[in-house]
Amino acid sequence: MTTRTLQRIIPSVAASDGAGVKLRRSLGASQSLRHDPFLMLDEFYSDDPEDYLAGFPAHPHRGFETVTYMLDGHMRHEDNGGNTGDLGPGDVQWMTAARGIVHSEMPQQTEGRMRGFQLWLNLPAKEKMKPAAYSDIPSASIPVASLGKGVTAKVIAGTLEHDGKKTAGPMQGASTDPRYFDVHLAPLAVFEAPVPAGHNAFLYAYEGEAVVGPDRKPLQHRAAGLLSDGDSVRIEAGAQGARVLLLAGRPLREPVVQYGPFVMNTHEEIEQAIADYNSGALTNERVRRIKVGQPAAT
Ligand code: FE
């Protein structure tokens, strides 16, 4: 068994998106900072409504998936298919933009804390033009694995193996085979679990700090840490404990051409996406709403 080591740190930088929402961007802060199939990771975290009230008014996407994970606050999603969804603390929305979607993501609060993440996950060329779909995944349907000794993990996507047990998250079967685990560690606690060899993996410490791998390289607060290949991941929390996102996915190894919210394989496909958006053809199909998962046994 080869334990993955921390190979590269991508510190998050202050950024703004939508109509002026303030956030921290690590992956995707520039187009060279990706980790195939992951395109971008934004963390939004503020107690000041001025930072988030403007929200993300109607905007298009084509060619990939967006995964929104709320920790605090309340956002409302509406799309061109007439679908609406409410995201509250612990809820996840998995949106497969694919051929195209126009949607808005607007805060439903005027005070208090807004906190969460948006991940952009690429789609293979053969799926970039499939019909759009989205899944609301309520917090109650996301299992929490207890790994003992002060370690728990919310399993959002893929399956977490630990101590001979398997905890399956509600999102399964995407062609990039994503793992999305939210790992909570008590002070000095250690998380260790298998992650498929060959998958690209990274960590994001959103609370506290950690050391990673057998050589215990430090991962700073609010930084993404890209991992070497290997078949397991080891995270050890600092004295304050830590909360760390662990993401892994099968790399696509395809060309990526991005223009804002469109992520395709060629410049011609980007021009087509822009033309389709302008003509209305980006969204001439209904958006499928997919039911995912059953409420987890508690
Ligand atoms: Fe969006």
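Select V67 and W94 to begin, because DSSP bridges define the pairing of strands here (two strands pair if DSSP finds at least two bridges between them), and W94 in β9 is the bridge partner of V67. The model is a predicted one, in which local features need pLDDT of at least 70 and side-chain atom pairs count only at pLDDT 80 or more, while totals for chains, interfaces and linings use all residues. Residues are numbered from 1 along each chain as its sequence is written, and side-chain values use heavy atoms, with hydrogens and water left out.

**Strand β9 and its neighbours**

On one side, β9 pairs with β6, residues 64-72, in the antiparallel sense over five bridges. With β12, β9 also runs antiparallel, and five bridges join the two; to see one of them, select T96, whose bridge partner in β12 is A133.

Next, show the side chains of β9. V92, W94 and T96 point one way, Q93 and M95 point the other way, and all are buried, where buried means under 20% relative accessible area with a 1.4 Å probe and protein chains only, exposed means over 50%, and partly exposed lies in between. In a regular strand the side chains alternate between the two faces of the sheet. Since five of the five residues of β9 are buried, the strand is largely enclosed by the rest of the structure.

**The open sheet**

Now widen the view to the sheet, an open one of eight strands in the order β2-β3-β4-β11-β6-β9-β12-β25, with mixed pairing. β2 (13-17) and β25 (288-289) stand at the edges with a single partner strand each, so one side of each is left without a neighbour in the sheet. Elsewhere in the sheet, select β3 and β4, which run antiparallel and are joined by two bridges; R25 has D42 in β4 as its bridge partner.

**The pockets**

With R25 still selected, turn to the open spaces. On a 1 Å grid over the protein atoms alone, a pocket is an open set of points with protein on both sides within 12 Å along at least five of seven lines, a cavity is a set of points where a 1.4 Å probe fits but cannot get out, and lining residues have an atom within 4 Å of a point. Grid points are joined across faces, edges and corners, and a volume is the space filled by probe spheres set on the points.

The largest pocket holds about 410 Å³ of space. It is lined by 28 residues, of which D17, R25, M40, Q118 and W120 are the closest to its centre. Among the elements that give two or more residues to this lining are β3 (21-25), β4 (38-46) and β11 (114-122), but β5 gives the most, with five residues. The lining divides into 11 nonpolar, 12 polar and five charged residues, counting Ala, Val, Leu, Ile, Met, Phe, Trp, Tyr, Cys and Pro as nonpolar, Asp, Glu, Lys and Arg as charged, and the others, Gly among them, as polar.

Of its 17 lining residues, E65, T96, K130, M171 and A174 are the closest to the centre, and β12 supplies the largest share of the lining, three residues.

**The cavities**

Two cavities of 30 Å³ or more are counted. For the largest cavity, of about 70 Å³, select its lining residues, including V21, K22, F44, Y45 and P107; the largest share, three residues, comes from β4. The second largest cavity, of about 30 Å³, is lined by R99, G100, P131, A132, L282, T283, E285 and R286.

**The nonpolar cores**

Finally, select L160, V183, L185, F191, L203, I235 and L246, the residues with the most contacts inside the largest nonpolar core, which has 29 residues; a nonpolar core is a set of buried Ala, Val, Leu, Ile, Met, Phe, Trp, Tyr and Cys residues joined through side-chain atoms within 4.5 Å. β22 gives the most to this core, with seven residues. Not counting residues up to four places away in sequence, L160 touches residues including A145, L147, F181 and F191, contact meaning heavy atoms within 4.5 Å. Apart from this core lies another, of 26 residues, among them M171, Y180, F202 and L247.

Terms used:
Helices (H or I, at least four residues) and strands (E, at least two) are DSSP runs, numbered from the N terminus.
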